[in-house]
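User: I'm new to this one. Can you walk me through it, starting with a sheet?

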Amino acid sequence: MSKIRQAFANGKAFIPFITCGDPDLATTGAIVRAMAENGADLIELGIPFSDPTAEGPVIQGANLRALRGGVTTDRIFDFVRELRRDVSIPMVFMTYANVVFSYGAERFVAACEKTGIDGLILPDIPFEEKEEFIDVCRSHGVDLISMIAPTSENRIAMIAREAEGFLYIVSSLGVTGTRSEIHTDIQALVQAVRKNTDIPCAVGFGISTPAQAQKMANLSDGAIVGSAIIRLVEQYGKDSPEKIGEYVRSMKSAIRK
Amino acid sequence: MPETLMNAVIELEEAYNRFKDDPTFQAELTELFNGYAGRPSLLYYAEKMTRDLGGAKIYLKREDLNHTGAHKINNVLGQALLAKKMGKTRLIAETGAGQHGVATATAAALFGMECVVFMGEEDTKRQALNVYKMRLLGAKVVPVASGTRTLKDAVSEAMREWTSRIADTHYCIGSTMGPHPFPTIVRDFQAVISKEIKAQILQKEGRLPDAVIACVGGGSNAMGSFYHFIPDKQVALIGCEAAGRGIDTFETAATVNTGKVGIFHGMKSYFCQDEYGQIAPVYSISAGLDYPGVGPEHAYLHDIGRATYVPVTDDEAVDAFEYLSKTEGIIPAIESSHALAYAKKIASDMGKDKIIVVTVSGRGDKDCAAIARYRGEDIHE
């Protein structure tokens with residue numbers, strides 16, 4: 001069983017996202033530890049990109065703040081190496097194709113394996129383009145996570161059959177960001193996936209409240225939250241780890257119900 | 001490309017493959033080109049310029065004479081017609097200087113479609129007149145406040161908008177860039193330029209030109225000017241990139257000359273970027289060439305050595321802008337002035353038996369105030 005599958009072994013998974021280096025890596029480190037201590041099952045670490053086309057304004061802001069603070073891919077690998085001394089839960093990177101491509105896919109994924117990153121989410125790489133990265137990911141045991149969107153329809157079977165780690169179910173049209181309501185028939189998407197694979201499905205995009213997380217996790221295997229957490233970083237800055245810890249605890253306890 | 005848009009681009013590719021060889025579609029498009037946009041555009045012999053430079057014979061392909069004043073209308077009419085056939089009722093577009101935005105708003109008015117144009121906040125201030133024109137034509141203009149607030153951010157925002165509303169909306173991309181099939185579609189709609197040049201030069205000179213020169217941002221007027229000459233190896237194809245303040249400075253947009261291969265905006269091509277793959281803020285006096293990437297087919301033509309990409313600075317382009325105005329009574333767009341500057345540079349070293357075709361991609365009315373300010377005059381639109 002890959003380390004990512006373990007994240008789904010103890011009931012529904014709660015998967016928080018954080019942008020590395022927003023406002024600085026020391027704060028990100030404290031946030032990750034607070035998430036792990038308060039029940040996060042898997043953590044998505046964002047490597048900032050100058051032009052994050054899948055993100056709404058909140059996570060765009062985090063990307064730009066982190067880059068302005070001087071964070072780089074190399075500094076993030078150093079940071080993960082340091083984190084791994086005491087943080088053992090599964091962690092994946094979420095970033096954009098050009099960050100990996102320009103570093104050199106082989107060099108990037110080898111560094112993931114060495115520092116203890118279990119998977120990679122690239123929202124601008126669809127099924128048809130994954131050949132660019134899939135071989136190096138497989139040879140280093142790093143899962144390349146696939147996404148399924150409300151518009152995927154006839155593509156679900158093809159994507160699900162080759163999925164690794166977990167399947168990221170995009171809850172809504174559009175970009176990341178909190179939403180008051182999610183209109184997509186998540187149950188139908190998950191059922192279509194289930195016909196093709198038993199890989200865990202986690203729902204992301206638009207989730208912010210415990211009630212939403214509970215509902216989405218009930219329909220799938222877990223809930224992913226990004227923008228709502230970045231908002232806490234925006235609001236509390238270096239004091240955000242404690243607040244985020246409380247938030248993660250409330251979300252995890254909601255999806256346990 | 002995000003998964004959310006994959007079925008949309010596949011549907012677009014299937015529709016395009018269905019219509020591109022359809023005689024009815026082509027007849028409708030030709031009627032729009034000729035009856036609405038004013039095609040074919042002239043191939044004009046610039047006799048005074050030729051005499052003044054004392055070398056190769058210079059012909060100008062006058063895309064500036066098209067309706068809306070630039071080559072952009074060719075692509076927009078094609079895509080709007082395709083979108084209509086696909087049952088779409090809403091066009092969205094990005095724009096830099098505003099030329100593509102104005103062209104899209106024009107087509108939307110003509111076809112009775114809703115239109116939303118994304119434009120960097122900086123550019124809406126620099127090109128206030130074009131913002132007004134788009135509104136006049138019935139479009140909504142959305143200022144983009146993210147990132148560098150220029151063309152690349154307008155592209156990103158248009159893509160974000162498309163992921164949120166796909167069913168009734170076509171993203172009318174403005175250049176030979178973005179995810180497949182856009183570079184192919186835009187190339188094919190712009191290829192009318194080289195098709196006409198070829199017929200016109202054969203009629204006037206009885207032979208093909210020695211060089212075809214065009215400016216390159218995303219690369220649509222250049223690809224249109226080159227396309228039908230690609231098999232004719234004796235014709236040199238020269239793309240002129242915006243070097244801004246010079247390719248040895250950070251204030252440049254010369255992608256092929258200073259960038260490296262990357263993956264961004266749905267394509268693998270050359271991009272101006274830092275060592276970690278962060279897209280670089282680029283600079284050029286020309287808002288239309290102020291993009292950190294180049295269309296993938298240009299990257300290919302560069303890699304196989306079929307086309308050459310040369311940098312042209314702001315100073316050289318402004319000189320050419322003034323030169324053509326005074327010499328031929330034609331005010332070219334500052335974008336096109338990059339191509340004219342390079343033609344000026346090489347024509348005198350070429351024999352009088354040689355022939356150069358330069359594509360004047362657009363007219364320069366929109367640039368007059370900015371060039372005046374560049375020369376130290378305090379005028380505003």
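Analyst: Chain B has an open sheet of six strands in the order β1-β2-β12-β7-β8-β11, with mixed pairing. Strands here are DSSP runs (E, at least two residues) and helices are DSSP runs (H or I, at least four residues), numbered from the N terminus. Two strands pair if DSSP finds at least two bridges between them.

User: Which are the edge strands?

Analyst: They are β1 (43-45) and β11 (307-313) of chain B, and each pairs on one side only. On average, neighbouring strands of this sheet are turned by 30° against each other, direction ignored. Axes are lines fitted to C-alpha atoms, for helices over the stretch in contact, and angles run from 0 to 180 degrees between N-to-C directions.

User: Before going on, what kind of model is it?

Analyst: It is a predicted model, where local features need pLDDT of at least 70, side-chain atom pairs count only at pLDDT 80 or more, and totals for chains, interfaces and linings use all residues. Residues are numbered from 1 along each chain as its sequence is written, chains are lettered from A and ligands numbered from 1 in the order in which they are written, and side-chain values use heavy atoms, with hydrogens and water left out.

User: Back to the sheet. How many bridges are there between β2 and β12 of chain B?

Analyst: Strand β2 (residues 57-62) and strand β12 (residues 355-360) of chain B pair over six bridges, in the parallel sense. R62(B) has V360(B) in β12(B) as its bridge partner.

User: And which helix packs on the sheet?

Analyst: Helix α15 (residues 334-347) of chain B does, touching β2, β7, β8, β11 and β12 of that chain. The direction of α15(B) makes about 165° with that of β12(B). Helix α14 (residues 314-328) of chain B lies across β1, β2, β8 (236-244) and β11, and runs at about 90° to β11(B). Contact means heavy atoms within 4.5 Å.

User: Where is C215(B)?

Analyst: C215(B) is in strand β7 (residues 211-216) of chain B.

User: Why does C215(B) count as buried?

Analyst: Because its relative accessibility is 2%, and buried means under 20% relative accessible area (exposed is over 50%, partly exposed in between; 1.4 Å probe, protein chains only). Not counting residues up to four places away in sequence, C215(B) touches several residues, including C240(B), L289(B), E335(B) and H338(B).

User: New topic: what about the sheet of four strands?

Analyst: That open sheet has the order β5-β4-β3-β6 in chain B, with parallel pairing. β5 (140-144) and β6 (169-171) of chain B stand at the edges with a single partner strand each, so one side of each has no neighbour in the sheet. Strand β4 (residues 114-120) of chain B pairs with β5(B) over five bridges, and V117(B) stands opposite V141(B) in β5(B).

User: Which residues touch the most other members of the largest nonpolar core?

Analyst: L45(A), F93(A), F108(A) and F166(A), in a core of 186 residues. Helix α1 (residues 3-19) of chain B gives the largest share of this core, eight residues. Such a core is a set of buried Ala, Val, Leu, Ile, Met, Phe, Trp, Tyr and Cys residues joined through side-chain atoms within 4.5 Å.
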